[in-house]
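Dear colleague,

I am handing over the structure below, and I would be glad if you would look through it before reading my notes. The notes themselves come after it.

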Amino acid sequence: MRATNVGRRLTVAVVLVAMAGCTRTTAPPAGGAETPSLGAGFRYSVYGPKRDPGSQYWVRVGEEMAARFPGAVPETIWIVGRLDGDGVCLSFPVEGAHPLVRGEATDRNEAVLDSFDRNGFRVWLQVEPGHAPVEKLIDLVLARYGHHPSVVGFGVDVEWYRSTTEPEGEAVTDEDARAWVAAIRAHNPGYRLFLKHWEQEKLPPTVRDGILFVDDSQILPSLEAMVAEFAEWGRSFAPAPVAFQVGYPSDRPWWSRLADPPRQIGEAILAAVPNTHALFWVDFTVIEVFPPEPVAATKPPIVGVKIYEYKGDLEVLFEQWRRLGITTAFVSAELAGREDFRAVAARTGTELFVIFPVFYAPDELKRDPDLWAVTAKGERAKDDWVEFACPTREAFRRARVEQACELVRRVRPAGLSLDFIRDFVFWEMVAPDRDPSTLPDACYCPHCLGRFAAAFPTAAGVPVHDPVTAAAWIRAHAASEWVRFKCDTIASMAWEIARAVRDVKTNTKINLHVVPWRTDDFDRAITRIAAQDRGALGGIADFLSPMCYSFMVHRPPDWIASVVGDVAREGRCAVLPSVQVGVTYREGETFSVEEFEAGLRAALAPPSTGVVFWSWDAIAADHEKAEVIRRVLGPGGS
Ligand SMILES: [Zn+2]
């Protein structure tokens, strides 16, 4: 029913030069036999997944998807041309083909297509044409990759056909469709065309021969709504084959609750749409749903330090870091905004991550008290300096995304370090003997409760205007749904920020601060209270960074390794623990050098990716601990 440009690149339209498609005269007779078996696999684009785990991974995803449906073969929509200004950028070298067609310096597809050939895949090569002539693109793409037996056809994302700012697209006429099919068959009579949109009106009114109709609708309220909409799509194009893209982040609230989302969505579609030719899980969430094997830590550890302000000599600072083996600085937006700081960082090869608080929002709360998150006791989500905004307000969330983009645009850091991307709790004060039932739970504001009631049929009866009654009601009737809702709310925010900043700067890394609670600690408080589903967050971030401040939370040094192991198991991504250096919240007590060193070594044990020290001021103030760092991590260290 609806499409969205969420997560799509926002491209600035400059001058619209509508290019008339050249008419082809050759139209060899259709000779291709239909391939009757179901295809199941994934959609791939360079901008979809947060990282490309490589061709073996994609082969595995195709095979695992196909294995879910009897008789299915692996099939993929492999995007080789993405919108680029008014035209297209093809992911292989192209020279002088057309003013609106650009290529990349190296070929991104040849090797993976070889893998697909060897593994019995069916591959559609797709473009987002913009104003570039489609027949020209057909010829360029199929001339280059037509020798691969896995290739079965060419696809056009009609949302970007003569459309460059919004995924609307110009309607494809019967004449267009006939000409494109002919152009494709000129390369191989067995090839077919797919046309993709979420609106039937954008697709050719009568021409069906040689065409697969792909629906990529999203933002659907439930599986039932999706199936109903897809069934309508199937009926309107029958008996022509249809296919579907599923697994969008915007639909995560309901599909993430399924035990096996690809299988259950696929089976429901197949039961309702008999002319389904193929099912494709989209690349935006593929890593979350088909997790890659954890990467072995073979690279030298990342050694980071958190620093919030600095007034001294920058040359001295960076020289000290070099001596201690510190390669990465996690800095405040203020410090990152200093050109002199960035210049020395760049010269010394020090990577910068900017610390970006998300739901900790004291300034915004001062301006707009309605924004406060509300606890189960009906109180503001405030404990000492910890002040949290409600996580579901659209305007606040949009503003945060824009601030993150602005920061990345201005500073162009190696990464963003997302802090306070969770629900309210002053975890720093939670000692091991804390009664789990006393942890604060949020947010029970009418906005959150209303959303919860709308998202879950079982929660429809929740009283939305009384937090205390609502909390009791939820505990009795929808406790697990509530945890799911909380976690989805947080994960979707992380996803929105990550996607947006990667659109500004593609290789922006995301480090995400997680509360240092293992899966079962405090009655599963990591999800129940903090709302951090590390499985989902690990699919979004490059690093999960548990704040392993062992002395602060009264834990022994080796506890750090158990937290890192737990985060790695749950998150299936690189884990970058942060450790404390100074004494905070336990003033007057001694955090010994020996205890610090034991904690540091525990933090570096596999599968850790490195360590981040909190904070530079504490290191600068403690010569003995600085010496430990130099000895363990400095040049020639042990
Ligand atoms: Zn709320």
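What follows is a short account of what was found in the structure.

This is a predicted model, in which local features need pLDDT of at least 70 and side-chain atom pairs count only at pLDDT 80 or more, while totals for chains, interfaces and linings use all residues. Residues are numbered from 1 along each chain as its sequence is written.

The protein chain holds 22 helices and 21 strands, where helices (H or I, at least four residues) and strands (E, at least two) are DSSP runs numbered from the N terminus. Its C-alpha trace spans about 85 × 60 × 45 Å along the principal axes. The radius of gyration is 27 Å, which agrees with the value near 26 Å that a compact globule of 638 residues would have; the radius is taken over C-alpha atoms, and the globule rule is 2.2 Å times the number of residues to the power 0.38.

Of the 638 residues, 49% count as buried, a residue being buried if 20 or more other C-beta atoms lie within 10 Å of its own, exposed if 12 or fewer, and partly exposed in between, with C-beta atoms placed from the backbone. E63, in helix α1 (residues 55–67), is partly exposed because 16 other C-beta atoms lie within 10 Å. The C-alpha atoms of E63 and N119 are separated by 8.7 Å, although these residues are 56 apart along the chain.

Among the contacts in the protein chain with a separation of 6 or more, 76% are between residues 24 or more positions apart, two residues being in contact if their C-beta atoms, placed from the backbone, lie within 7 Å.

The chain is divided into domain 1 (39–289) and domain 2 (302–633), with bounds that come from an automatic or database domain assignment. The contact between them takes nine residues from domain 1 and 10 residues from domain 2, and on the side of domain 1 the elements that give two or more residues are α6 (252–255) and α8 (286–289). The centres of the two domains, taken over C-alpha atoms, are 37 Å apart.

Finally, helix α9 (residues 314–324) packs with helix α11 (residues 339–348) at an angle of about 35 degrees, their axes being 10 Å apart; axes are lines fitted to C-alpha atoms, for helices over the stretch in contact, and angles run from 0 to 180 degrees between N-to-C directions. Here L314, E315, F318 and R322 of α9 meet D340, F341, V344 and T348 of α11.
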